[in-house]
Amino acid sequence: RDPYRPQFFVTTDTSAGAIVKFTPNPDKVSEALASNDFSSVLHAPGNHSYLVLKNLSGNNGTFAWSESLTDGRISAYEHFPYSEGIDVRDGILYFTTKKYKRLFILDLDAGTYIESSTESGAFNNQPDQIARIIGPGNDDILYFCEDGGADCGVHGRNSDGKYFTILEGLDYETETTGLAFSPNNKHMYVSFQSDPGQIFDITREDGLPFDGARLDIKYHQME
């Protein structure tokens, strides 16, 4: 949000894979803003720090960024192994952990987080890539790809925490990946990774964007 102090976040898909925050060298950032050439920002030395969850209480707690990679790996192994999907916007960071099928939501300003299960209805495999889009009235929808089964699809979660299914790949025994949206959010692009290994362009029958009104959506029943 501060163009002079950008931050980049990366997941690591291993059992002790740390969540990495990279803060580029401020001199390189200033040079890039002045020249409008950002090619060196991610290639010059910068600061690496690693997510450590603290003060755990049920499904929420606090967190810190440690410069110790060992601490980051220990926290990942204990709480979020095999992290993969990640999205960050407006000070909120979302990421998923495949092993435990959990979604973590971090408030980067407050230093707090909440977590919840992604297992809901047809969304019964591992959460993978995620993409967040903002609808009218700042109502955000978080979309998930899916891995680890014969019926992987694309699922959504609204700002009330309700899950719904957009599609299921009942004919494809492979994961969904490469999730993206057109600038007007009326086209969803997603691929089934292997067999058929094709990218699909998906639109709503009512012509509305994927961040718009959700008509005739059947939400998953929560137990």
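Colleague: Is F95 buried or exposed in this predicted model?
Modeller: The model is predicted, so read the values as computed ones. Buried means under 20% relative accessible area. F95 has 0% relative accessibility, so F95 counts as buried.

Colleague: Thanks! How are the rings of F80 and F95 arranged?
Modeller: F80, like F95, has 0% relative accessibility and counts as buried. The two ring centres are 5.3 Å apart, with the planes at 70 degrees. Planes over 60 degrees apart count as edge-to-face. The pair of F80 and F95 is therefore edge-to-face.

Colleague: How many residues apart in sequence are the parts that this pair of F80 and F95 ties together?
Modeller: F80 sits in the loop between α2 and β5, while F95 belongs to strand β6 (residues 92–97). The pair thus ties together parts whose separation in sequence is 15 residues.

Colleague: Which residues do ring pairs link into a cluster?
Modeller: F80 and F95 form one of the ring pairs. The model has 12 aromatic pairs by the rule used. The cluster linked by ring pairs consists of F80, F95, F104 and Y113.

Colleague: Turning to charged residues, how many residues apart are D13 and K98, whose side chains meet in a salt bridge?
Modeller: The N to O distance of that salt bridge is 3.1 Å. D13 is partly exposed at 37% relative accessibility, whereas K98 is buried at 10%. D13 is in the loop between β1 and β2 and K98 in the loop between β6 and β7, and the pair links parts of the chain 85 residues apart.

Colleague: Are E115 and R102 buried or exposed?
Modeller: Their side chains meet in a salt bridge, 3.0 Å from N to O. E115 is in strand β8 (residues 112–117) and R102 in strand β7, 13 residues apart. E115 has a relative accessible area of 18% and R102 one of 17%. As buried means under 20%, E115 and R102 are buried.

Colleague: And which residue forms a salt bridge with D206?
Modeller: D206 is partly exposed, at 35% relative accessible area. The closest N and O atoms are 2.8 Å apart, and the partner is R204.

Technical notes. Residues numbered from 1 in each chain as written. Predicted model: local features only at pLDDT ≥ 70, side-chain atom pairs only at ≥ 80, totals over all residues. Heavy atoms only, no water. Phe/Tyr/Trp six-rings, centres within 6.5 Å; stacked < 30°, edge-to-face > 60°. Helix = DSSP H or I, 4+ residues; strand = E, 2+ residues; numbered from the N terminus. Buried < 20%, exposed > 50% of the residue type's maximum accessible area, 1.4 Å probe, protein only. Salt bridge = Lys/Arg side-chain N within 4 Å of Asp/Glu carboxyl O.
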